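User: Could you walk me through how to read a few features of a model like this one? I would like the general idea each time, and then the case at hand.

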Amino acid sequence: MKEKIHDRLAAVAGDCGIDPGTIQLGYPEDPAHGDLTTNLAMANAKRLKADPRALAEKVIAEFMKGAPSEVEAVEIAGPGFINFKVKDAWFAEEALKIADDAHYGQSHSLKGQKVMVEYTDPNPFKVFHIGHLMSNAIGESVSRLIQSSGAEVIRACYQGDVGLHVAKTIWAIMKKGVPADLAAEKAEDEKAVKEKVAWLGERYAEGASHDDDPEARKEILEMNKKIFDRSDDGINRIYDYGRKVSLEYFDSIYARLGTRFDRFFFESEVDENGLAAVNGFLDKGVFEKSDGAVVFKGEKHGLHTRVFITSQGLPTYEAKELGLNAEKFKLYPDLSRSIIVTANEQSDYFKVLLKVLSLIRPDIAEKTRHMSHGMLRFATGKMSSRKGNVISAEQLIDDIRKLVKERIEDEEVCDEVAIAAIKYTILRQAIGGDVIFDSASSISFEGDSGPYLQYSAVRANSVIEKAESIKSIKSGKSIKSIKSGKSIRVPEKVGNLERLLSRFPDVAERARQAYAPQIVANYLTALAAEFNSFYGRQVILDENDPLSPYHVALTRAFKTVMANGLWLLGIKVPRKM
RNA sequence: GCUGCCGUAGUUCAAUGGAUAGAACAAGGGACUCCUAAGCCCUAGAUGCAGGUUCGAUUCCUGCCGGCGGCACCA
């Protein structure tokens, strides 16, 4: 409907002297202002030296000559808003259509394209902490938004299995004495894996605590070199074990969070290429030597200098990243876009990296985009994985799970609700800022929360299930059998629920274009509130109510939109709650 | 010091440059022999400061104040 009105306005714009770019239709907050509104009269009045109201009248007069039949009335309000009222019958028909359209809200705007999204990116030997949880929630939702516009999405995860953090961990292990059971190659049970991973995390924190100790620092750097060139069997044995255990553990978390990665990248597979790329462009003037290291002088471009190869000859994170991005496009040459999701503490670093990339691989750089998110923090201070006082993702999930457990028996549902609570808290606000997890209120499941959305969907499902067993007296049909909607009696006046439902494709499209899950999250919360209000206003399954079949169809439409919307956020709809 | 992001209700967040700035939590009140009360209905409260651009600014620009992040061999 929005398109129809827009198209008609565009058709008459020329005659009225309207700039086509100003034909923007919005949804008024106040229903009294109609269903769609535009302020194109104010926007053009000055340029045309016309009175906004007079201009609006002219536009309306032209518009009405070929107005879409669904438009009931067009009015001028305020300084020159043009408000469109759409016929109630159209909303009712639309609701019936949605009820039978499981794909409602999807589009084909990116059909045929291939997009890679890299996110989560935890590091073996270190804790999978709440920051990774945040990256995962955002990356997964962005992936689904893109997927829902018809593109093929390659979910990628880049894991740092070489580098100083590994050296620190292994250094601390060897300092303390290598445990005898480390060599055991037998299959581990889940609990044993968890314990081992926790133990590795502690060793890392221990190693990192010696950052200021020059003697330890020297030993760690030497160990880093040995890990890189795999020259020491004793180190290799610890390394291989630690890497394997970490990755097994990560896999279990991905499964729990509902992410299936298509491709894992490792620093150990891209570091050689990164090194070669930097060396290759050293004599071309992109990089220069400084104090024995190879650096990129970012100051020329308003950025800062960063080291790409250390004076030891080892590639840093930045060099590896060059190798990684080349590898992505080597594996998937037809990628139309590559998105990288990380915490915003890496924003400046990525600016430098993308600048370098634009100098050595402009073809890749122009398709690569960095998205950064804030930190997940608690009322009490911040966390640091260096100091070891990190909160692991699992710890947070389990804490919330305990609260859910007080109200829900089913184990699987508990997990789905706990994860929904966390994901929603992350996705309800604009990507970029810190997310404050207040243990007192954020963990509550009332109101503006993931469980609230799940609950409303579950309730709707419950009604729908029950409806299938009821024979409707008035229509003489089982409610279940109503599909086309043609024979359903429709109300004269529809409410906000129908109006909100019909906006979903538009909301989804806006969210896709801005990579903004919070647009979906906020919409769903308003939608759930509207459904709950509808649910409370009357009994849906009332055999004496001739509108009951319509109310059931409306409930089905709501369920479809809520389920599709929650899917975009990476949140599951539980069976029962 | 340089630089990036951010300042909206008591709190946590919304608001394609548009109308009376929306929610939720916290507080108080109300409705149920009815499909799931994690729900519904009612009641109060906010754009850091100073300018500028604009018909119109929470939104864009400048300065100030405040918070967070980054700034050479970590990732």
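User: Which residues of α7 are buried?

Analyst: Start with the general idea: an α-helix has 3.6 residues a turn, so residues three or four places apart point the same way. In this predicted model, the buried residues of α7 are Lys-196, Val-197, Leu-200, Gly-201, Arg-203, Tyr-204, Ala-205, Gly-207 and Ala-208.

User: What do the buried residues of α7 pack against?

Analyst: Their partners are α6, α8 (214-229) and α9 (233-257).

User: How far does α7 reach from its first C-alpha to its last?

Analyst: A handy check is to set the span of a helix beside the value expected at 1.5 Å a residue. Here α7, with 19 residues, reaches 27 Å, close to the expected 27 Å.

User: Let's take one of those partners. At what angle do α6 and α7 pack?

Analyst: Helix α6 (residues 164-176) meets helix α7 (residues 190-208) at an angle of about 100°, and their axes are 7 Å apart. Angles of 65 to 115 degrees count as roughly perpendicular, so α6 is roughly perpendicular to α7.

User: Which residues make that contact?

Analyst: From α6 come His-165, Lys-168, Thr-169, Trp-171, Ala-172 and Ile-173. From α7 come Leu-200, Arg-203, Tyr-204, Glu-206, Gly-207 and Ala-208. By class, the residues of this contact divide into 6 nonpolar, 3 polar and 3 charged.

User: Now the backbone. Where does Arg-230 lie, and what is its phi?

Analyst: The general idea is that most residues other than glycine have a negative phi. Arg-230 has a positive phi, near 50°, and sits in the loop between α8 and α9.

User: Last one: which domains does chain A have, and how many residues bring them into contact?

Analyst: The domain assignment gives domain 1 (2-86) and domain 2 (438-569). Between them, 4 residues of domain 1 are in contact with 4 residues of domain 2. On the domain 1 side, the touching residues are 2 nonpolar and 2 charged, with no polar ones.

Notes
Residues are numbered from 1 along each chain as its sequence is written. Chains are lettered from A and ligands numbered from 1 in the order in which they are written. This is a predicted model: local features need pLDDT of at least 70, side-chain atom pairs count only at pLDDT 80 or more; totals for chains, interfaces and linings use all residues. Axes are lines fitted to C-alpha atoms, for helices over the stretch in contact, and angles run from 0 to 180 degrees between N-to-C directions. Helices (H or I, at least four residues) and strands (E, at least two) are DSSP runs, numbered from the N terminus. Angles under 35 degrees count as roughly parallel, over 145 as roughly antiparallel, 65 to 115 as roughly perpendicular and the rest as oblique. Two residues are in contact if their C-beta atoms, placed from the backbone, lie within 7 Å. Ala, Val, Leu, Ile, Met, Phe, Trp, Tyr, Cys and Pro count as nonpolar, Asp, Glu, Lys and Arg as charged, and the others, Gly among them, as polar. Domain bounds come from an automatic or database domain assignment. The expected span of a helix is 1.5 Å times one less than its number of residues. A residue is buried if 20 or more other C-beta atoms lie within 10 Å of its own, exposed if 12 or fewer, and partly exposed in between; C-beta atoms are placed from the backbone.
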